[in-house]
Amino acid sequence: MDRMVITGFLLMAAMMFMLLRTKVRPALVFSVLPLIAGVVLGFSPSALLRYITGGMETVLPVAAMFGCAILFFGLLESAGMFAWLTGILKARMKYSACSVMLFTVLISIIAHLSGSGAVSYLIVANACRDVYAKNNIPAVKLMCLCSLTFGIMNMTPWGGPCGRLAAVLRVSPAEIWSYCIPVQLAGLGMVFLIAVFMSKGTEEVKAEEKAEEVQRAERPPRLVLNVILLAAVLVLLVCVSIQPFIIFGIGAIILMLINFKGIEHLRQTAGKCMKQAWPMMITVTATGVLTGVFTQSPLLDSMTEFFGELLPRNIADHAHILLGALSNPISWFVIGEVQIFGLVPIVSELVRGAGIPAAATGAAFLIPYSAAVFVLQTTVSVHLGISVCGVTMREHVRETYKWTLLCSLGMLAFAVITGILPF
């Protein structure tokens, strides 16, 4: 094991420690630690600048995508589309355990279109909490179903992990997502089945449907135009080779023209959205230093060579599937950022000789990893979710983790068997 490989492992270990055990901002971790590693390895200032410039060229479009996506979905939320859809679904729901749980999955799908875990938990908890209480359904089941749904929906390019994978693998987020879309649909089907199964073990105590009239949000004045625009943006993301931030940016401009007449209201709404977007954009931009130093210097080649010698050739050619199968359980010990920026690029290089595209390697990791995201203690929004649902982290993990493991392996198996992921 040479100095380059040892430094690479130490870099990943230091990132783990700093992100888990300290209050240092991730942006500082992603920008400072790689520079220290570069200095230790003896890279010249000109070489470091070249690596960082290359990394920044990769991540800046991703950072812009997050900003434009958060603005786009924030404007949709402000226009009342999500609240109206939630009210319609709730008004048509029958008060039984099975229908309540299926409703939870439906509203969770709509809520997490924004890609924000915190906002999604608030929407779903406020819509469902009283219904669960009236039907004597444990709140931990609400937390379980919405967390499973959020995880599978989180494969979208603006969800977080997909964008970071795209940055480190130097591909478009839409390329990775194109592998994930049919698997997302299959995964959501699994969650609906889980909801039905969970309802069978729940004692039915039906509430009187007429006891309280459900308050529906008023129909937004330009609902049809907003829905058409949302559908058009999603289709363009999949079908057109345009940077996602351009699509979201144009969509946000159209939303402003359609829905907002007063400048002051628009300024307040856009300001609120961008306040949410800045931390993500800054963090992703900082990963440009890590991406550049790790993937464009000899560091990646050295670590890839080390793992290539360690693994038999017949296993190394399928390393992307192996990493995907292990991504859920090892997420309890190795946080997602370290896997994405440390392990995924190495695996991508290992399987490239077998003709596996980098985007497919990213998808092979993302598909099973996504199911576990909203049960991990390191996911900040999970703590908001358990707080508003009134459950403990221990109860949430005990109820939810087994289902995340089932979804992870089930979706990965579906992707391999159907040929979506090359094997």
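**View 1. Arg 164 and Glu 337 pair up in a salt bridge, with their closest N and O atoms 3.8 Å apart.** A salt bridge here is a side-chain nitrogen of Lys or Arg within 4 Å of a carboxyl oxygen of Asp or Glu. Arg 164 sits in helix 8 (residues 161–169) and Glu 337 in helix 16 (residues 336–352), so this contact ties together parts that are 173 residues apart in sequence. Helices (H or I, at least four residues) are DSSP runs, numbered from the N terminus. Arg 164 counts as buried at 15% relative accessibility, whereas Glu 337, at 23%, counts as partly exposed. Buried means under 20% relative accessible area, exposed over 50%, and partly exposed in between (1.4 Å probe, protein chains only).

A quick word on what you're looking at: this is a predicted model, where local features need pLDDT of at least 70 and side-chain atom pairs count only at pLDDT 80 or more, while totals for chains, interfaces and linings use all residues. Residues are numbered from 1 along each chain as its sequence is written, and side-chain values use heavy atoms, leaving out hydrogens and water.

**View 2. Lys 141 and Glu 399 meet through their side chains in a salt bridge (3.7 Å, N to O).** These two come from distant parts of the chain, 258 residues apart: Lys 141 belongs to helix 7 (residues 139–153) and Glu 399 to helix 19 (residues 393–417). Lys 141 is buried, at 14% relative accessibility, and Glu 399 is buried too, at 16%.

**View 3. Glu 349 and Arg 352 form a salt bridge inside one helix (3.1 Å, N to O).** They are three residues apart in helix 16, so about one helical turn separates them. Arg 352 counts as exposed, with 55% relative accessibility. Searching the whole structure turns up three salt bridges.

**View 4. Asp 2, Asp 301, Glu 305 and Glu 309 gather in a negatively charged surface patch.** For a patch like this, residues need over 30% relative accessible area and no salt bridge, and like charges are joined within 9 Å. Asp and Glu count as negative, with the charge placed at CG of Asp or CD of Glu. Asp 301 lies in helix 13 (residues 298–310) and is partly exposed, at 49%.

**View 5. Arg 170 has a positive phi, near 60°.** Most residues other than glycine have a negative phi. You'll find Arg 170 in the loop between helix 8 and helix 9 (173–200), and it is partly exposed, with a relative accessible area of 45%.

Conventions. Patches are made of residues with over 30% relative accessible area and no salt bridge: like charges are joined within 9 Å, nonpolar side chains (Val, Leu, Ile, Met, Phe, Trp, Tyr) within 5 Å. Accessible areas come from the Shrake-Rupley method with a 1.4 Å probe; for residues, only the protein chains shown count as cover.
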